[in-house]
Amino acid sequence: MTKDGGKQDKKAQQYGVTPQSVDFNDWYNEVVKKADLADNSPVAGAMVVRPYGSALWENIQRWLDDKFKATGHESLIFPTLIPMGFITKEADHVEGFAPELFTVNKIGTEELAEPYVMRPTSETIIGHMWSGWLNSYRDLPFLHYQWGSVFRAELRTKAFLRTSEFFWHEGHTAHADESEARGEVRQMLDIYHEFCRDVLALPVVRGEKTASERFAGAVATYSIEGMMRDGKALQSGTSHYLGQNFSKAFDVKFQTREQREEFAHTTSWAISSRIIGAIIMTHGDDFGLIMPPRIAPIQVVVIPVGRKDNFDQMVEEGEKLAAELRAQGVRVKVDKRDGVTNGFKYNDWELKGVPVRIELGPRDLESGVVVVKNRNGDEKETLPRAEAVGGMTARLDGIHDWLLERATSFMLEHTIPVDDFETFAAKIEDGNWVRAYHCGDADCEKSIKEATKATTRNVPLDDAEFFNDHGEGQCVKCARPSAYGKRVIFGRQY
């Protein structure tokens, strides 16, 4: 997907990264490893997140955690192990997760009377605890969430996208009535949308999942879907209305104002570490990452340029420049590595996707200027030092806007409305999303997947930012009437 294939490929080879246009999968795996985000672990299917990747995840956690607390949610911590009996209490839930469960049968050499499972998600154990905590309508709503790991067996693993252990928050709330619970589900979906658009520069489509794509045990599942640079979809966050399914299974009931006993209406919602995969695959180019500035662990890297006899002095001057930028609220790193060429440093930081690079040499110091280069551009600028420092926040905002516009344009260009199955299959094969009418039948969805490897991503909400137009038509596969009053988004997924 590069415009100047020969030039781009040659430059990319210098970075040691397979160009996206040659093999997107290899490009992704190499970037994750060479940009020091994560590495393979000795545990099959699991990854080790390195400091640079961990810093990115911490920034994600920080923004979301502040938003959760601002909307009245409280954090708590639940154990990783869940009694097997809890999982089996909710029939749809156990059916949905059974193939993915890690089971603990022993403590030392002693067989357990009842096995534990490593939590695939925590609705069951949280429901169990709520049954003891909840007595009256005065106790509601319960607005809880936790950060941690979950465990789901994966046959084909890919760092951040599909690993046997991954990281996330999981929100769990209980409410007195359906209306309030559904309002919570929508509030969290909109928070995820805001986070993706305004912080990560990711355009996403808000919509409801079809019945066959719902979370196991949910009444309704809503998702945000993002398009990656290879045209595949990534489910980037979910919010579920669970109705009274889990509260009935775990006896989560309360006394109403009218002195009746009722079961609570519950929700759950999550964004996981797959969002890092979304950042990589939406914004990266043939040379590596492009970090969205508002979440980047390092927003600006300062590279002192000097000879052996004056390198220490230039490092000192670089630290002074970094202090000026930090006073503006910018996250800065000074590259103090000695014995490494400047060219290597430039390539290294471009691979890591740092939004802005500043070069500072003796002549620049004498002239009161610095050399500035944006990660998303090819040209360097020589600017007065004060102008470079004072304008940095606006520069970072400009990079954010550029990334969002580029990703949005790509998604719009590669999302095609179609009305016949032959065109549907061809557009999917070419790496697009397809918008098509569908009958809503699960068997019809299954036949589409078998024929094209495409699944329903979601049915866009009426007030979604993209693709929310109403219409009637015949199912693209079986010609029965549309079930949704609008086109459904189909695509191949990660």
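**Exercise 1.** How are α3 and α9 oriented to each other: roughly parallel or roughly perpendicular?

*Ground rules.* This is a predicted model, where local features need pLDDT of at least 70, side-chain atom pairs count only at pLDDT 80 or more, and totals for chains, interfaces and linings use all residues. Numbering starts from 1 along each chain as its sequence is written, and side-chain values use heavy atoms, with hydrogens and water left out.

*Solution.* 
- Step 1. Locate the helices (DSSP runs of H or I, at least four residues; strands are E, at least two; both numbered from the N terminus). Helix α3 spans residues 51–70, and helix α9 spans residues 274–283.
- Step 2. Take the geometry. The angle is about 110°, and the axes lie 10 Å apart. Axes are lines fitted to C-alpha atoms over the stretch in contact, with angles from 0 to 180 degrees between N-to-C directions.
- Step 3. Classify. Under 35 degrees is roughly parallel, over 145 roughly antiparallel, 65 to 115 roughly perpendicular, the rest oblique. Therefore α3 and α9 are roughly perpendicular.
- Step 4. List the contacts (heavy atoms within 4.5 Å). From α3 come G53, L56, W57 and I60; from α9 come I275, I276 and I279.
- Step 5. Sort these residues: 6 nonpolar, 1 polar and no charged. Nonpolar covers Ala, Val, Leu, Ile, Met, Phe, Trp, Tyr, Cys and Pro; charged covers Asp, Glu, Lys and Arg; the others, Gly among them, are polar.

**Exercise 2.** Classify the ring pair F166 and W168.

*Solution.* 
- Step 1. Set the limits: Phe, Tyr and Trp rings (for Trp the six-membered one) pair with centres within 6.5 Å; planes under 30 degrees apart are stacked, over 60 edge-to-face, the rest tilted. The whole structure holds 13 aromatic pairs.
- Step 2. Compare. The F166 and W168 centres are 5.8 Å apart with planes at 80°, so the pair is edge-to-face.
- Step 3. Check burial. F166 and W168 are both buried.

Note on methods
Buried means under 20% relative accessible area, exposed over 50%, partly exposed in between (1.4 Å probe, protein chains only).
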